[in-house]
Amino acid sequence: MKIVVTGGLGFIGSHTVVELQQEGFEVLIVDNLSNASEEVLNGIVAITGKRPSFEKLDLRDKTGVSAFFEKHTDIQGVIHFAAFKAVGESVAKPLDYYENNLNTLVYLLQELRQLPTAHLIFSSSCTVYGQADEMPITESAPVKPAESPYGNTKQIGEEIIGDTCKIDPKLQAIALRYFNPMGAHPTAHIGELPIGVPQNLVPFITQTGAGLRKELSVFGSDYPTVDGTCVRDYIHVVDVAKAHVVALKRLLQKKNPDNFEVYNLGTGTGSSVLEVIHSFERVSGQDLNYKMVDKRPGDVITAYADTTKANEVLGWRAQSTLDEAMRSAWAWEQKIRKKQMVVG
Ligand code: UD1
């Protein structure tokens with residue numbers, strides 16, 4: 001079973017490649033290396049003992065995408081991670097985001113429809129819900145106007161897939177709406193590699209703990225939450241990765257009554273920024289330097305998932321606790337620091 005993983009050298013992509021290989025799938029990674037390194041392949045080999053195939057390809061190259069699918073006629077499914085994902089950057093460079101995140105999806109769908117087995121798993125996000133009116137958030141909560149071009153690309157991406165599924169019953173697709181993926185593989189062979197200053201909370205915390213950043217700024221301390229800081233649903237990246245394999249198998253085994261389905265991927269538990277900081281302090285045994293600052297524009301107050309649909313229909317459930325996910329993130333951070341010290 002040959003599965004194409006676009007963006008397969010990235011954070012969630014690489015963890016999914018590991019899970020696919022461990023389940024016996026043959027993986028072909030497509031990545032343009034814009035935000036990832038070929039070295040990740042060595043991490044995947046260290047965990048699974050198997051080197052996935054890799055082709056450097058930019059999916060904005062329509063001719064290149066066609067040539068790729070002409071060459072690989074035996075593809076059984078595509079898991080599509082390749083996309084830009086920085087919210088702030090998307091506000092500054094909207095066209096780059098629309099071009100990269102939407103054109104590539106259109107080109108993939110055009111090719112996928114030509115295949116005998118047109119199976120697609122799409123990376124979506126809880127950002128499609130905006131500030132939801134009710135917690136926990138179910139899949140039937142309304143999709144709110146996007147706060148950023150990045151968020152908009154996820155909404156439009158789902159619409160593009162939904163519209164195509166309506167006219168093409170052969171196309172089978174699942175969109176997975178991730179809440180806040182974090183952590184690293186427990187072996188610390190692969191993990192998150194943010195370039196420059198991390199925008200997301202957990203890599204910022206671990207880099208601060210490692211002494212790379214002076215202190216963490218906590219954005220907002222008077223939100224109407226348990227301790228005044230924002231609440232999110234942090235989920236171990238390995239749990240997220242496993243859900244992709246379950247979703248893919250559902251399509252391959254033709255268990256899906258509808259040819260386009262949507263699932264939340266979260267733990268069902270909300271944690272505040274301070275609770276995440278305390279988790280870091282527990283697992284690392286050290287205090288974290290942080291200060292309370294103004295709110296970050298565009299942040300929702302609270303977002304955590306109702307996971308009933310994924311639990312009952314997919315038969316998938318997040319296994320790891322926040323502390324377990326944090327321990328893996330910290331082990332990974334320490335490993336990459338050591339490596340950089342050797343290289344430097
Ligand atoms: C954002 C995006 C989400 C995207 C995800 C992964 C929105 C609304 N959310 O999630 O779609 O999938 O990134 O890239 O577009 N925080 C601090 N200090 C920091 C960094 C973060 O206090 O230095 C706080 C934030 O205010 C927030 C929480 O930590 O309350 C999590 O932030 P972050 O990791 O950036 O994720 P989201 O904003 O939830």
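Me: How far apart are the C-alpha centres of domain 1 and domain 2?

Reply: In this predicted model, the C-alpha centres of domain 1 and domain 2 are 26 Å apart. Between the two domains, 12 residues of domain 1 and 15 residues of domain 2 take part in the contact, where contact means heavy atoms within 4.5 Å.

Me: Which residues belong to each domain?

Reply: Domain 1 covers 2-183 + 236-265, and domain 2 covers 201-231 + 268-304 + 320-343. Those bounds come from an automatic or database domain assignment. Residues are numbered from 1 along each chain as its sequence is written.

Me: How much area do domain 1 and domain 2 bury between them?

Reply: About 1,100 Å², with 64% of it on carbon and sulfur atoms. Buried area here is the accessible area (1.4 Å probe) that two parts lose on being put together, summed over both. On the domain 1 side, Q131, M182 and H236 lose the most area to domain 2, together 43% of what that side buries.

Me: Now the ligand. How many residues surround it?

Reply: 19 residues surround the ligand, and the closest are L201, S217, R232, R296 and D299.

Me: What polar side-chain atoms sit by the ligand's oxygens, say at D299?

Reply: A polar side-chain atom of D299 is 2.5 Å from an oxygen atom of the ligand. For N180, a side-chain N or O atom is 3.0 Å from a ligand oxygen, and for T127 the distance is 3.3 Å. The protein buries 89% of the 750 Å² that the ligand exposes when taken alone, with areas from the Shrake-Rupley method and a 1.4 Å probe.

Me: Different topic. Which peptide bond is cis?

Reply: The bond from M135 to P136 is cis, with omega near -10°. P136 is in the loop between β5 (119-125) and α6 (149-167).

Me: And what is the phi of A188?

Reply: A188 has a positive phi of about 60°, although A188 is not a glycine. A188 is in the loop between β7 (180-182) and α7 (201-209). Local features like these need pLDDT of at least 70, side-chain atom pairs count only at pLDDT 80 or more, totals for chains, interfaces and linings use all residues, and side-chain values use heavy atoms, leaving out hydrogens and water.

Technical notes. Near = heavy atom within 4 Å. Polar contact = N/O pair within 3.5 Å; in protein donor to acceptor, adjacent residues only side chain to side chain. Helix = DSSP H or I, 4+ residues; strand = E, 2+ residues; numbered from the N terminus.
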